[in-house]
Amino acid sequence: MIAQAEGLERAGCLMEARQVYQNLLGVDGSNIGALVGLGRIALQSGKPHAAAHAVLYFEKAVKICPRAAELRNQLAIAFLQLGRPDKAEVQALISHKLDKNSVETLKVLSDVYYQFGKPAKAQRYIERALRLCPGDPSLTLALAENSDASGDVTKARALYRELITSGRGSALAYLRLAFSQRFNEEPPELAAIEALLSDNNTAPLDRVTLHRAAGRISEELGHYERAFAHFSAVGKSAARASAEETGVPERIRRAKEMFTPQFYSDRADFANKSQRPVFVFGMPRSGTTLVEQIIASHPKAYGAGELLFFSAETRCLPPDRLGNGEAHKIAKDYLHLLHAYSPRAARVVDKMPQNFELLWLLALLFPKASFIHCRRDPLATCVSCFTNVYVGDLGTLGRAYRSYHDLMAFWRQTLPVTILDVDYEALIDDQEGQSRKLIDHIGLEWNDSCLRFHATKRSVQTPSRRQVEQPIYRSSLEGWRRYEKHLGPLINTLGNLARPRA
C-alpha cells in the first residue's frame, strides 16, 4: 500500500494518496512510511494549519527512528513553515551530528539562519553544501538570496545572472534580479522573460513570477504602460486573492460580536507581563520596514523581521475556546522565539504587517507590549501593493483595503492597549519628530542612531530592503500617479477612502 500511495503522490493525486496513508495508519499507527507520506503532503499545501499537522506526523516518526537524519530534516522544514526557526534549529543540528555531509541538512541550517537574520552563518552552511553539490540551482539561488538580504548585492546579482545565463535559473532568479537593482537601460533578461511568457509550456506559477519581474524592470525604465500590463497579468494569472477575499466580511462581523470589553475583562489573567515585544503592523507597503529599521537602530532594540509565529501557529485558533493554560503557553513560546533572535535586546520588533488581523490575541497575551500601526495614503499603499507583492486585481485590492480599514477602526475602540498610529507621509516630512515618538512609545530613551537608520547593517528580507539602505526620500509619495488613468476600479472600491486629488 505504501508503493500505491507514493505512486499517487508522485502523480499529484494528493487527496487519494492521503487517504491511503491514513488507512495504513488506521491499521498500524507506527507505520513510518504513512507518517512521512502524510507529513510530506501536509508540507506541500503551504497552509499554516497543514504545517502544524506535518510537525505532528514528523515528530511521531522521529520518536520511532530518532537517528534518521532525513526525518529530522523534514521536521525542521515543517517547523520553518510554522514560523519556529528556534525549533527547526534544534532538529537540524541533531541531524547535522548524525550526518555531517548531508546536503539537505546543510540547506536546512542555511534556511534557519537566513530566517534568523544571520546571513554570515547561513552563508557558511550553503557554501559547504555547494562544495558537496557544485552548481546546484536551488543552492545557488539560496546563496544569492542570502547575499542580497545581507547587502552584498554585487555578489547576489552575479549569482542571479549566472543561474539565468546557464539555463539553470528558475523564474525566481529573474524576479530577485529585477528587485536587486535599478535599471537605466533595457537588460537582456527582459527579452528572455518575454520569451518565457510567450511559451505555452511555462507553468502558471512561473508566469506570475515572471510578470512581476517584467513589470518591475519596465517600471524602472519608465515604461509604465508596459509595466501596468504585466502587473495586471499577475492578477489574471491567479485566482487566489479573490478566493481569500470571500470570507473577510464574515470574519470582521464575527470579530465585532466576540471581542467586547467583557471578553478582555473575563480573561485578564491570560496576560503575560513582558514588555519585550514590539508589534509593527498595517497594510503591506505602508512603511513597516522603515519603522522597524528606525527602532532596530537603537542599541537596546532588535529587528526580527516578519515573524510567522502568530500568522501560522495561531491563525485557526478559536478565541472562545482559548484557555488560560494554552494562552500562557503561546506567550511563553513566543518569548522563547524572541530570545532566540536576540537574547539581550530590551525590545524586539515583529513587523509582520498582517498581524493587524490578530490584534485580539496579541493584546490579550501581551497588554504591556508596544503596538505600532503604520498608515500610508490609501491609493499609494494599494498601488505599491499592486506593483510589488499583491496577486489579484485592483477592485479586489480596494475591497481588501476597506476591510483592513474597517477592522482597524474596530480595534481602536475595543482593544485594551494603546496603539500608536504612524503615518508614512508624516515620517517622511518630520523624520526626527516621528522617530522620537516611536522610541518614546516603546519605552526607551532617545538615541541619535535612530536618525541614521540607513547606516544600520542588518538582514532585510522584504522588497523594501533597498529603501532602508539610504536616507529618507520623498519620491515614493506620489509614485501611484504614473498609473492614475488605470486606477478607476481601485478608486471606485476605495470610495471615500480615496481622498480627492487636484
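Colleague: What should I know about the ground rules?

Modeller: It's a predicted model, where local features need pLDDT of at least 70, side-chain atom pairs count only at pLDDT 80 or more, and totals for chains, interfaces and linings use all residues. Residues are numbered from 1 along each chain as its sequence is written, and side-chain values use heavy atoms, with hydrogens and water left out.

Colleague: What is the average pLDDT of the protein?

Modeller: The average is 90, and 93% of the residues score at least 70; pLDDT is the predictor's confidence in each residue, from 0 to 100. Over residues 239-244, though, the pLDDT is below 50.

Colleague: Why is α7 called roughly parallel to α9?

Modeller: Helix α7 (residues 103-115) and helix α9 (residues 137-149) pack at about 20°. Angles under 35 degrees count as roughly parallel, so α7 gets that label against α9. Their axes, lines fitted to C-alpha atoms over the stretch in contact, are 11 Å apart.

Colleague: Which residues of α7 and α9 make the contact?

Modeller: Contact means heavy atoms within 4.5 Å. On α7 you've got Val103, Lys107 and Tyr114; on α9, the list includes Leu139, Ala142 and Glu145.

Colleague: How do you know whether Arg285 is buried or exposed?

Modeller: Buried means under 20% relative accessible area, exposed over 50%, partly exposed in between (1.4 Å probe, protein chains only). Arg285 has 14%, so it's buried.

Colleague: What is the phi of Arg285?

Modeller: It's positive, about 70°, although Arg285 is not a glycine. Most residues other than glycine have a negative phi. You'll find Arg285 in the loop between β1 (277-282) and α18 (288-296).

Note on methods. Axes fitted to C-alpha atoms, helices over the stretch in contact; angles between N-to-C directions. Helix = DSSP H or I, 4+ residues; strand = E, 2+ residues; numbered from the N terminus. Parallel < 35°, antiparallel > 145°, perpendicular 65-115°, else oblique.
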